[in-house]
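Please look at the structure shown below before reading on. The paragraphs that follow lead through it step by step.

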Amino acid sequence: MWRRQSSPYLLLLPALLVLGVLFLGGLAVAFEQSLGVMPALGRLSPTLDYVRIVLASREFWTGFGLTAYIALTATVLACAAGLLLAVGLAAAGSRSDTLLARLPLVVPHTVAAYLTMIWLSQSGLLARLAFRAGLIREPGGFPALVNDPYGLGIILTYVWKEAPFAALMLYPPLAAAGRGLLDAAATLGAGRLQRWRHVILPLVAPALGAVALIIFSYTFGAYEVPFLLGQTYPRTLPVAAVERFLSPDLADRPVAMVYNLVITLMTSAAVWLYLGRLAPRLERGKGT
Amino acid sequence: MRRLSLLWFGLPLVPLVLWSVAFGWRWPDLLPAAWSFRAWHYLGSPPAGLGPAVAESLFIALAVTLLALLIGVPAGKALGTCTFRGRRAVEFLFYLPIMVPGASAAMGLQPWLIRLGLTDRPAGVVLVHLIPALPYLIRAATAGYAALDPLVEQQARTLGATPAQAWRLVVLPALAPALAAGAGLVFIISLSQYLLTLLIGGGKVVTLPLLLFPFISGGDRAIGAALSLVFTVPGLLLFWLLDAWLRRYRLEVRL
Amino acid sequence: MSDLVVHDLTKRYGGGAGIEAIDLAAAPGELLALVGPSGCGKSTLLRTIAGLTAPDRGRVQVDGRDVTDLPPERRSTVMLFQQPLLFPHLTVAGNVAFSLRLRGADRREAAATVAGALRTVQLEGLDHRYPDQLSGGQQQRVALARALAAAPQVLLLDEPFSALDAPLRAEMRELLRRLQRQRSLTMLFVTHDQEEASLLGDRIAVMQAGRLRQIGAAADLYDRPASEVVARFFGGAALVPGRVIEGQCFTEVGPFPANGATGGDVLAVIRADQVILQPWRAGQPEARILDVHFAGGLLLAQVECAGVVLQARLQVHPGFALAPGQPVALRIQGPVWCLKEEVDRCPSPLTLSAD
């Protein structure tokens, strides 16, 4: 008769079950397998051997370094580009442009990688334009941006896809503050650089941190783009993990799981940082 | 600003269109040597398997969206309106799959899904797609519920609405924009999944991304371009429609 | 026309703002104003009557029918809140027609009712607008029209005008008054503004700490407050402790005839117009002017005498100097209403209305 308040736990149950079983459960099995426990093969006792093998392998550390480097660079560049985009959007004051900024979400990473290939490969469009401009004489003259040791193609693909996302997240605090803040700073005698340091950056700082963590975790754990645009060696951790997982040799399975463990730990740390430190600050910022 | 956005986003897609109708586009030509609809003809023919792949993708995406709504809306209600113990732990769990790649969990799940007979089947793929997609719907539903004024529902009650009527006529329309945005996102996420579909679908469940992938890692460029367009353009349309519909509510939804 | 009877209504909350043993009766077509300091439970009372909160004890009757166990949608009470709470996805017409749509009313009838309601609140022609296209005052009027269209037997209003600015508030009060006369609607109107309560209410009920302190016409509450909170609420009076012996009240500021209490320790409710100021002559007990200001054709002076601060009202030209610091002679002109403050006794509405 009276409206009874449904228990929050009951409401949460389906979601908790689904994510608990599928996500946490899957990770738990992966963890178990990384310790070498594989009931199918009759191996029931945990061992740290596989962990030791991986931590001692050069292939792993090279892969780790490459993954971290790509993720960090892509994050920094995407955030910088996104910030510039957001400032531009805020200055222009038009709200309808955020729609266009959301469009890259629709382009899957596979297609984005394809676009990078079309434009930036040594026989790609930019190379052909350079040839027409007389800057190079043959495909080899154009710098290797795809399947290259510096992962440039991968990074550029991420920047293309993630910068608009970053702009979308950085735009609200700037828009909320409005032009007024920048103008006020200018009248108080702040030069261009000072306006950036003392007005813009503090405004976006919490959102910037959040965006950076999101982009970092995503690019650290992504598979498609590094697989398509990366070299055969070294491989990023996610690509190596999948390769080992699909390998017919079942001894590769625990190794794949150790790789997965590392990926999970790195990205979980980012979530913890985000929720623990940045989200509360973001909430406070919304009040202004 | 709009011009910049158009440039940043629109221009890179142009060669896709060109490639899809190209017949031989070799170095160092800036335009294809000849034009042909061969790639499109191929896609239209049965051996290409485009029809079944599209159907499979849409079916799975729809199933994922529906399940996400059924599971995520109550969760959003709990997070958006109630205070309870363990809230931060729950938020942490729900937030994890957004940043932690679901592939690791999928690899762990595989032996169990084999045992349950869910691999190589759309059902299994639907389940794993929920991992990266569900958190987004929960976030959207949480935001929607948090923005609700509880008094509005009570106002409806005093005006004569039963709880069911209040929900249908007042609460749901208020939630609709947020839920629509969330559902749209879930749909797109499921459509674009490659690795998860491959790991659990075992290559037997063929969605658009799976069809596309081989062409990109080295195959007929023209067909790859045409497929990419088939993939991207409907998604664009969906987003544009969604935004136009949301605008009707004169509300801006932020996730 | 229906009446509203509330009997022994109680709702306890852990954190306060509950209600305790409320007995209340609003006559058919009466506008009963409910006032009190914040946290006194006025909103809780309204919500319990509306059915949005379940009471711990007590009954609610509308038009003789016991509705205590009924959900809010079956009670024929409609509540209006401080915010208009219009449904944003419906037009003005859609909002007003909401209750009719719930009942599956005939379309043409509904349209006629909607038109009538909008005409009553003077908002014809706005049917196709959306709530976000209306001003605050217009929104609140649509909310009122929506409530009227539901044809309630009792209208419950929870400070519906406090979010509006002063001239708008006055307009809405007029509208409500007119409405009440035209439709003889029984209304329970909560406000924290004493003036609004006096202007609108046929009778006023004063609440404090979850209890009903006094119900009566404004004049009764002003002349003969039953408790300190009522006396303070109607303002302009100083409460001075004293003792009554044989009809005379003896206080720090002098003796005067007493009304109300017949003996013992009391609080004398000394109104500003009962404080007489005269030029001071040496030898008389001294009172000092603290502040003087002009207010609506009169002078209001704050005077301090024997540690007690009193307000006095005088003619604009009293014929003697009235500056801060100035000594004056002070006399209290009785009879002064004196109350014996008993905190837990709650006067029954029946005995008071017989006054």
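**From an interface to a single residue**

Between chain C and chain B, about 1900 Å² of area is buried, and carbon and sulfur atoms give 65% of that area. In chain C, the residues that lose the most area to chain B are C:E73, C:H89 and C:L102, which together account for 31% of what that side buries. The size of an interface is often given as the accessible area lost when the parts come together. The model described here is a predicted one.

The contact can also be described by its residues: chain C contributes 23 residues and chain B contributes 19 residues. How many salt bridges are counted between chain C and chain B? The count is one. In a salt bridge, the side chain of C:E73 meets that of B:R157, with 2.8 Å from N to O. C:E73 is also among the residues of chain C that lose the most area to chain B.

Chain B itself may be considered next. Its secondary structure comes to 11 helices and two strands. Taken along the principal axes, the C-alpha atoms of chain B fill a box of roughly 70 × 50 × 30 Å.

Chain B has 255 residues, of which 55% count as buried. Where contacts in chain B join residues at least 6 apart in sequence, 70% of them link residues at least 24 apart. Chain B exposes about 10900 Å², and 69% of this area is supplied by carbon and sulfur atoms. As for charge, chain B carries 19 positive and 9 negative side chains. The centres of these two sets lie 4 Å apart.

A:Y259 is found in helix α11, which spans residues 252-286 of that chain. Is A:Y259 buried or exposed? A:Y259 has a relative accessible area of 2%, and it therefore counts as buried, since the cut-off for that class is under 20%.

Which residues does A:Y259 touch, leaving aside its neighbours within four places in sequence? A:Y259 is in contact with A:V54, A:E59, A:F60, A:L237, A:A240, A:A241 and A:R244. One of these contacts, A:R244, lies 15 residues from A:Y259 along the chain. The C-alpha atoms of A:Y259 and A:R244 are separated by 9.3 Å.

Technical notes:
Residues are numbered from 1 along each chain as its sequence is written. Chains are lettered from A and ligands numbered from 1 in the order in which they are written. This is a predicted model: local features need pLDDT of at least 70, side-chain atom pairs count only at pLDDT 80 or more; totals for chains, interfaces and linings use all residues. Side-chain values use heavy atoms; hydrogens and water are left out. Helices (H or I, at least four residues) and strands (E, at least two) are DSSP runs, numbered from the N terminus. Buried means under 20% relative accessible area, exposed over 50%, partly exposed in between (1.4 Å probe, protein chains only). Contact means heavy atoms within 4.5 Å. Accessible areas come from the Shrake-Rupley method with a 1.4 Å probe; for residues, only the protein chains shown count as cover. Lys and Arg count as positive and Asp and Glu as negative; His and the chain ends are not counted. The place of a charge is taken as NZ of Lys, CZ of Arg, CG of Asp or CD of Glu. Buried area is the accessible area (1.4 Å probe) that two parts lose on being put together, summed over both. A salt bridge is a side-chain nitrogen of Lys or Arg within 4 Å of a carboxyl oxygen of Asp or Glu.
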